[in-house]
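Me: I would like to learn how to read a few features of a protein model. Please take me through them one at a time.

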Amino acid sequence: MSLLNRVQQLPKGFVWGAATAAYQTEGSTKVAGKGKTMWDDYLVAQGRFLPDPASDFYNRYEEDIRLSAEHGLNAIRVSIAWTRIFPNGDDAQPNAAGIAFYRSVFEECRKYGIEPLVTICHFDTPIALIKKYGGWKDRRMIDAFVRYCEVLFDNFGGLVKYWLTFNEINMLLHMPFMGAGLVFEPGEDVQQVKYRAAHHELLASARAVKLAHEKMPGAMVGCMLAAGQYYPYSCAPEDVYKGMESDRDNYFFIDAQARGAYPVWAEKRMERAGVQLDWEPGDRETLAEGTVDFISFSYYSSRCVSADPVISAKHARGNAVISSVVNPHLASSEWGWQIDPLGLRITLNTLYDRYQKPLFIVENGLGANDTVEADGSIHDPYRIDYMRKHIEAMLDAVNLDGIPLLGYTCWGPIDIVSASTGEMKKRYGMIYVDKQNDGTGTLARSRKDSFYWYKKVIASNGEDLD
């Protein structure tokens, strides 16, 4: 089937964009009343690169949005830094300077016809609430989050159509400090704490969805998953079961957000493990009334698992957070992430079969060490090849499989500090930012070859992928 036939069934108004996060792009972490988040200390505590001023989006947002318009993007995914709105997370009054900044960002997007796609909490728990409540282990975080959402919806409701409640919410189980601000005390039951925190985030998300629908009738609110199908390493039944269980772990949060209740297997598993959630009257109704409008997800790679402990010890080196056995059928990126475009199509089909809700790819990209040539050009054919093959898989899922897909926002428009490694040299952007791992650089922006390629893809609505 030709590419032309592939794209004829892309939905009208398909969203082509790129994605970022506040803590990786904005910088200016100590200006205009902004409070500290867990991210401000996270990399430093690990001896990694200090992100401020990151890519300096806080001061350069007009330039970056103008470049996005030149790029042809019709959407930009951004996140709001909770502590720009409430420096301590639950202050008596919101920070006017923070509201003014994001209003300016969204108005600038609208000026160019760019749709903001806003993540409300992107690994951004306020440090003050971690110290005060222990992060999301405490139910009082729910009210603080909902009040934060209310301020966002009241101030930006006319400027933002698409909202996501929590970024990669399933990462709470893998990165509990980043995902929920959790710090475990000696002797504390780690599983108990993580699942209680998950319960609180899910209740907060449900309340936010309901509030958004009340305040912004035309808005769409989605959940966000760190996705990637788990393949059994072999056809041995034990490996197949291991793959099924790993997928279940991954989808636990989305099951609740999409269906409005915990899946029966999760209830039984928590019961067997002695995990007791702090259910209160009305919690089940809250979950049921706050189901999301669509499922969004990041996809960088599939995963592979085995029940054999010897094989399981052979980890792929790319993702240090989510364990995966090396898949011998896949190539790997410079940083060891295995590259699997067909896995994106498989993941799209799995998600739609499971939830029957519209889908949205909100992260997909390749981290690589780009070289600036003597004439200033930046040739990144490896990034173009990665994106081309994944977009082809996406088009096949839409056209051949009938998957209802709202859009594709790759990661990302500009180079940003890597969340997983704390590096600038691991670059995902289609626009080069002159900043190095040691913090040196002018922060000047330069267009890579992938910038011009993706611009052509968007202009042709995916028809021209050459």
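Me: Is Cys410 buried or exposed?
Reply: Buried means under 20% relative accessible area, exposed over 50%, and partly exposed in between, with a 1.4 Å probe and protein chains only. Cys410 has 1% relative accessibility, so Cys410 counts as buried. Cys223 is buried too, at a relative accessible area of 0%.

Me: What should I know about the source of these values?
Reply: This is a predicted model: local features need pLDDT of at least 70, side-chain atom pairs count only at pLDDT 80 or more, and totals for chains, interfaces and linings use all residues. Residues are numbered from 1 along each chain as its sequence is written, and side-chain values use heavy atoms, with hydrogens and water left out.

Me: How many disulfides does the structure hold?
Reply: A disulfide is a covalent bond between the sulfur atoms of two cysteines. The test here is a pair of cysteine sulfur atoms within 2.5 Å. The structure holds 0.

Me: How do I describe two packed helices?
Reply: Two packed helices are described by the angle between their axes and the distance between the axes. Axes are lines fitted to C-alpha atoms, for helices over the stretch in contact, and angles run from 0 to 180 degrees between N-to-C directions. Helices (H or I, at least four residues) and strands (E, at least two) are DSSP runs, numbered from the N terminus. Take α8 (residues 140–156) and α10 (residues 190–215): their angle is about 25 degrees and their axes are 9 Å apart.

Me: What does that angle make α8 relative to α10?
Reply: Roughly parallel. Angles under 35 degrees count as roughly parallel, over 145 as roughly antiparallel, 65 to 115 as roughly perpendicular and the rest as oblique.

Me: Which residues meet between α8 and α10?
Reply: Contact means heavy atoms within 4.5 Å. On the α8 side they include Phe145, Cys149 and Phe153; on the α10 side, Leu203, Arg207 and Leu211 are among them. By class, this contact has 10 nonpolar, 1 polar and 5 charged residues. Ala, Val, Leu, Ile, Met, Phe, Trp, Tyr, Cys and Pro count as nonpolar, Asp, Glu, Lys and Arg as charged, and the others, Gly among them, as polar.

Me: At what angle do α11 and α15 pack?
Reply: Helix α11 (residues 237–259) and helix α15 (residues 341–355) pack at about 45 degrees, with axes 11 Å apart. That makes α11 oblique to α15. Their crossing is right-handed.

Me: What should I look for in the backbone?
Reply: Most residues other than glycine have a negative phi, and most peptide bonds are trans. Ser28 has a positive phi, near 50 degrees. Ser28 sits in the loop between α2 (22–25) and α3 (38–45), and is buried at 11%. Glu168 has phi near 35 degrees, in the loop between β4 (162–166) and α9 (176–180).

Me: Where is the cis peptide bond?
Reply: From Trp411 to Gly412, with omega near -5 degrees. Gly412 belongs to the loop between β12 (405–411) and β13 (431–433).

Methods
A crossing is left-handed if the near helix is turned anticlockwise from the far one by less than a right angle, and right-handed if clockwise.
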